[in-house]
Amino acid sequence: MSPKDGRGRWAAWVALAAWMILVSVGCSSGGGGAIGGGGLVISLTPDDPSPGALTVSMAEDSSGGGLITVAVRITGTDNVFAALFKVLHPTSGVEFVSHSAGSLLEGGGQQVAYFVNENTPGELSVDIARLGGGGVDATGTVPVVLLTYRVTAAGSFDLAFQDAVLLDGGPPTPGLITGLSWSAGTLVAQ
Amino acid sequence: MRSCQRIRLLCGLAITLCASGAAGSAMAGTMDLEWDPVPGAHGYRVYYGFQSGVYTQSVNVGPTTRTTLNLPQDCTPYYVAVKAYNSAGVSEVYSGEVSGWARPELDDSPQFTQGGQFAVSLDGANFDAGTTLVFDAVDAEGQPLVRLEAIDVVSCSRLDALVTVEPTAAGARAMEIGTHELAVVSSEGVFGEASYEVELEPSRIDINQSDSETTGHVDGQDLVWLAYAYGSEQGEERFNADADLSGDGMVDGDDLAFLASVYGACWDGAQWEECP
């Protein structure tokens with residue numbers, strides 16, 4: 001083997017190793033994020049990762065295929081009958097896709113009405129109520145609704161609650177639950 | 001409803017002749033008749049005309065003691081009598097005579113919306129001076145949900161009516177949407193069957209009108225009020241008449257569907273539209 005042949009073979013091995021590294025990075029999906037559009041890794045950084053009682057907070061529920069599902073959760077709150085709030089998100093780089101039921105208000109097999117609409121871009125209106133009255137206790141941290149977003153660009157995208165209230169089931173009639181704190185989060189795509 | 005005259009014949013037999021408004025056959029341009037059977041009769045022949053005692057038409061109805069006459073001319077009194085017959089022939093003597101108009105009728109079904117007072121002109125036939133309308137719509141407590149406030153028989157074929165349809169105040173039970181029965185009743189108690197329509201008043205979908213900040217907007221406050229009352233019926237503590245959009249006395253799926261149909265919309269004074 002001549003010296004010239006050795007350098008060429010070494011270069012080929014370096015090129016192959018580099019290609020394999022690139023492929024493995026492109027295919028990985030480590031914890032705390034997912035590959036989004038164009039190879040983005042998407043995650044949610046909650047404002048309050050350890051919510052206490054009487055808190056409404058966000059957490060990442062699942063991610064994959066360019067989508068991330070955010071759970072809106074209620075911690076340590078009794079007699080929850082309805083949740084009315086808006087979730088604001090940037091109109092560029094983030095799209096609301098869909099919602100699905102959380103387990104909290106479905107407790108006891110009661111029917112729940114979910115009205116989730118983005119009538120104004122970037123402003124998601126979420127109104128949820130148990131049909132037939134009566135509240136349910138959030139013991140620990142329990143999701144009330146799951147919101148799925150698509151992130152289409154790299155960056156940080158703040159989510160925020162607005163006009164947010166929880167109502168109890170009375171008696172005699174529904175009333176505002178006071179003393180709540182509302183903590184949203186930030187979608188991160190990189 | 002019947003107007004009856006009981007007449008005794010010279011031979012001692014009696015025929016009671018009634019012009020009735022039987023519910024089973026409420027056809028316009030008709031008159032229901034019924035009489036007592038005559039012993040030994042094989043059948044009966046009904047006679048009628050436009051003048052008392054002058055019968056220009058007759059019909060053999062056979063052995064029955066009731067029949068419905070088809071009267072081709074509206075807005076005119078008919079005079080009717082009956083003779084019995086057997087194998088020996090027809091009785092020489094008529095029964096006592098009854099008279100009246102054909103059954104009153106409406107040409108169209110009046111249309112109403114929940115929650116208002118309506119002046120309507122109704123066309124039809126055989127409206128005598130004392131004709132009235134009977135809506136017979138009441139809630140679970142017997143309170144009327146549709147009321148005839150006034151009526152004016154303009155002519156034999158037209159009448160004007162002022163009708164109130166509930167709810168007329170917040171918290172009042174609403175008249176149920178849909179098609180309902182209506183009776184047009186003459187001064188002699190002869191009635192014709194008709195129907196009327198009640199439609200949802202769309203502004204009622206804004207259930208919670210106590211909050212001025214959300215009035216005119218279908219939103220979570222309206223959902224909360226409907227959801228709390230969901231599954232309840234009139235008389236129950238949770239029942240909310242404002243949430244009973246369909247007016248059927250229950251807060252249930254059809255009310256939720258109405259809410260969902262315009263959820264998030266704003267009232268522009270006439271209809272629900274996308275909010276500005």
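Strands are DSSP runs of E spanning at least two residues, numbered from the N terminus. In this predicted model, strand S7 (123–130) of chain A is one of the elements supplying at least two residues to the lining of the largest pocket, and S7(A) provides the largest share of that lining, with four residues. Strand S4 (67–88), strand S6 (112–120) and strand S9 (155–168) of chain A also supply at least two residues each, as does H1 of chain B. The largest pocket holds about 710 Å³ of space. Of its 26 lining residues, Lys86(A), Ser125(A), Asp163(A), His217(B) and Asp219(B) lie nearest the centre. The lining comprises nine nonpolar, nine polar and eight charged residues.

At the interface, 14 residues of chain B are in contact with 20 residues of chain A. The two chains bury about 1,300 Å² between them, with carbon and sulfur atoms accounting for 73% of this area. Val224(B), Tyr228(B) and Tyr263(B) contribute 41% of the area that chain B buries against chain A, more than any other three residues. Between the chains there are zero salt bridges, and six residue pairs are in polar contact. Helix H1 (220–229) and helix H2 (253–261) of chain B each give two or more residues to the side that touches chain A; H1(B) gives the most, six residues. That side of chain B consists of nine nonpolar, three polar and two charged residues.

The second largest pocket has a volume of about 250 Å³. It is lined by 13 residues, and Ala169(B), Ala170(B), Arg204(B), Gln209(B) and Asp242(B) lie nearest its centre. Four nonpolar, five polar and four charged residues make up this lining.

Technical notes. Residues are numbered from 1 along each chain as its sequence is written. Chains are lettered from A and ligands numbered from 1 in the order in which they are written. This is a predicted model: local features need pLDDT of at least 70, side-chain atom pairs count only at pLDDT 80 or more; totals for chains, interfaces and linings use all residues. Side-chain values use heavy atoms; hydrogens and water are left out. Contact means heavy atoms within 4.5 Å. Buried area is the accessible area (1.4 Å probe) that two parts lose on being put together, summed over both. A salt bridge is a side-chain nitrogen of Lys or Arg within 4 Å of a carboxyl oxygen of Asp or Glu. A polar contact is a pair of N or O atoms within 3.5 Å; within protein, one must be able to donate a hydrogen and the other to accept it, and residues adjacent in sequence count only if both atoms are side-chain atoms. Ala, Val, Leu, Ile, Met, Phe, Trp, Tyr, Cys and Pro count as nonpolar, Asp, Glu, Lys and Arg as charged, and the others, Gly among them, as polar. On a 1 Å grid over the protein atoms alone, a cavity is a set of points where a 1.4 Å probe fits but cannot get out, and a pocket is an open set with protein on both sides within 12 Å along at least five of seven lines; lining residues have an atom within 4 Å of a point. Grid points are joined across faces, edges and corners, and a volume is the space filled by probe spheres set on the points.
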